[in-house]
Amino acid sequence: MKSPRPRVLFATPECAPFVKTGGLGDVSAALPAALHELDVEARVLLPGYPGVLAAFRGARELATVAQAASVPACRLLEASLPSGVPLIVADCPTLYARDGGPYQDAGGHDWPDNGHRFGALSRIAALLGSAASPMEWHADIVHCNDWQTGLAPACLHYTPPPRARSVMTVHNLAFHGSFDPRLVAELGLPPESYAMEGLEFHGRMSFLKAGLHYADALTTVSPTYAREIQTPEHGAGMDGLLRKRRADLTGIRNGIDTTYWNPATDALIESRYGPENLGAKRANKRALQRRLGLDEKPEAPFLGMVSRFTHQKGTDLVADVLPGLLGLPLQFAALGSGEREHEHALRSLADRHPGRISVTLGFDETLAHLIEAGADLFLMPSRFEPCGLNQMYSQRYGTPPVARATGGLADTIVDTTTQSLADGTATGFLFGEASAPALAAAIRRALDAWRDPVAWRALQRNGMARDFGWMEPARRYVEVYRRLVAAAGS
Ligand code: ADP
């Protein structure tokens, strides 16, 4: 299966703009597009959720996949992403055509048949990397993303050669995809795969562990997170396996879509700007204050946040520190949704401090852009953060982040010190301990810097000059692919 131009199947449960619950949706759209520019023949495989099918009504059928074990038959449809990257849609109405989210129903409960839904996706991914591919095309590399596709490397392992090599990328180790072991047979895997050296994880069948155990190469989305997940603190029980496989594990930071997230051309914000006319940020701040019903005070430092409201993201830390900071003239706006108690804690603060604190529950692309553009500081106090995208957007928008020094945050933000300001590298404010006092101290430090307009401009411009695009990370993925293809051919 050696090819000068690697054929990569990028198997994913979400892909912007069709279906996105977080960073993986963005990565799935942007990375394959960047790979194309590097002469990799990438195709994306995505389940046929209603929103995906609606976008490609009348799509041509490429092939059919027969029923196997208790996985229903499925049609593969031909589509393409807005970037032009070919998209293969797995159309299986009994598994995917239902109202609600990709993983949960409208009430926020996991779909009870997620094991079958993503077992099927994984099986199809593996099939397209085998000699039995029902399409004329087959992959040299099956690139899997998170637990939803984690079973594909296991399926490939039990596929007779020639077969594709597999890459498993961990976007978030916290989600394991654990199911009843009877699924092993129902998904057509041999009983011996259900073992410590296989799919078994504490008496359950784990899709994530399958990927981590069987994939030929492992990657995760930042170098620091690659180190962190080998420790008991961040390893989610998989740290032993990851330490064992550390020679196969690479940390490659995510990129961002620098066209979509560009303050100089962003149609979703009030006033466009670049490093040379940062004064235009003021109009965005005013628009943000108006839109959210906050007092129109240009002089009040504005703290923004766009996030899932969860323990991981440290939303509780923000709710804890805000009351103690309100002696300062600052304003705060958050956009997001998540765990009920986190939503509630933030909402009750907004209720108590109208005009100064605003909390918007829901997903709102336009407001997310306006917060990036209009805020003065961006908060990301994550307890762990595999890569994180918003801190890169905020640097690009001249809105320095205040973030915990973990995972991709530590890799993409340079803390402001006398030294880093002097050498022109400072871009934000990092703090160590996941505690409210540590966050409060970092915010106070940032506000001190904000009061010095010259230093602040320098900080903004340093961040705006950083290259967070996809080409460099995409090159790193190509290296991983080429290594695997070369090893397969040797
Ligand atoms: P994660 O994937 O862990 O949720 P990331 O920072 O990697 O976090 O990616 C989150 C992505 O989702 C970013 O593109 C961010 O702007 C977007 N996002 C998150 N919540 C919202 C929201 N409520 N409205 C709009 N965009 C959001």
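**The second largest pocket**

Analyst: This is a predicted model. The second largest pocket has a volume of about 700 Å³.

User: Which residues are the closest to the centre of the second largest pocket?

Analyst: The pocket is lined by 29 residues. The closest to its centre are D26, A29, A30, D257 and Y260.

User: Which element gives the most to the lining of the second largest pocket?

Analyst: Helix α1 spans residues 23-37. It contributes 7 residues to the lining. The element that gives the most is α1.

User: How many residues of the lining are nonpolar?

Analyst: By class, the lining has 5 charged and 5 polar residues. Its nonpolar residues number 19.

User: Which handedness does the β-α-β unit have?

Analyst: The unit is made of β1, α1 and β2. Strands β1 (residues 7-11) and β2 pair in the parallel sense, over 5 bridges. The β-α-β unit is right-handed.

User: Which residue in β5 stands opposite L45?

Analyst: Strand β5 (residues 86-91) runs parallel to β2, and 4 bridges join them. In β5, the residue opposite L45 is I88.

User: How many residues of β2 are buried?

Analyst: Buried means under 20% relative accessible area. Strand β2 (residues 41-47) has 7 residues and is mostly covered. The buried ones number 6.

Definitions and conventions: Residues are numbered from 1 along each chain as its sequence is written. This is a predicted model: local features need pLDDT of at least 70, side-chain atom pairs count only at pLDDT 80 or more; totals for chains, interfaces and linings use all residues. Side-chain values use heavy atoms; hydrogens and water are left out. Buried means under 20% relative accessible area, exposed over 50%, partly exposed in between (1.4 Å probe, protein chains only). Helices (H or I, at least four residues) and strands (E, at least two) are DSSP runs, numbered from the N terminus. Two strands pair if DSSP finds at least two bridges between them. A crossover is right-handed if, with the strands pointing away from the viewer, the path from the first strand over the helix to the second runs clockwise. On a 1 Å grid over the protein atoms alone, a cavity is a set of points where a 1.4 Å probe fits but cannot get out, and a pocket is an open set with protein on both sides within 12 Å along at least five of seven lines; lining residues have an atom within 4 Å of a point. Grid points are joined across faces, edges and corners, and a volume is the space filled by probe spheres set on the points. Ala, Val, Leu, Ile, Met, Phe, Trp, Tyr, Cys and Pro count as nonpolar, Asp, Glu, Lys and Arg as charged, and the others, Gly among them, as polar.
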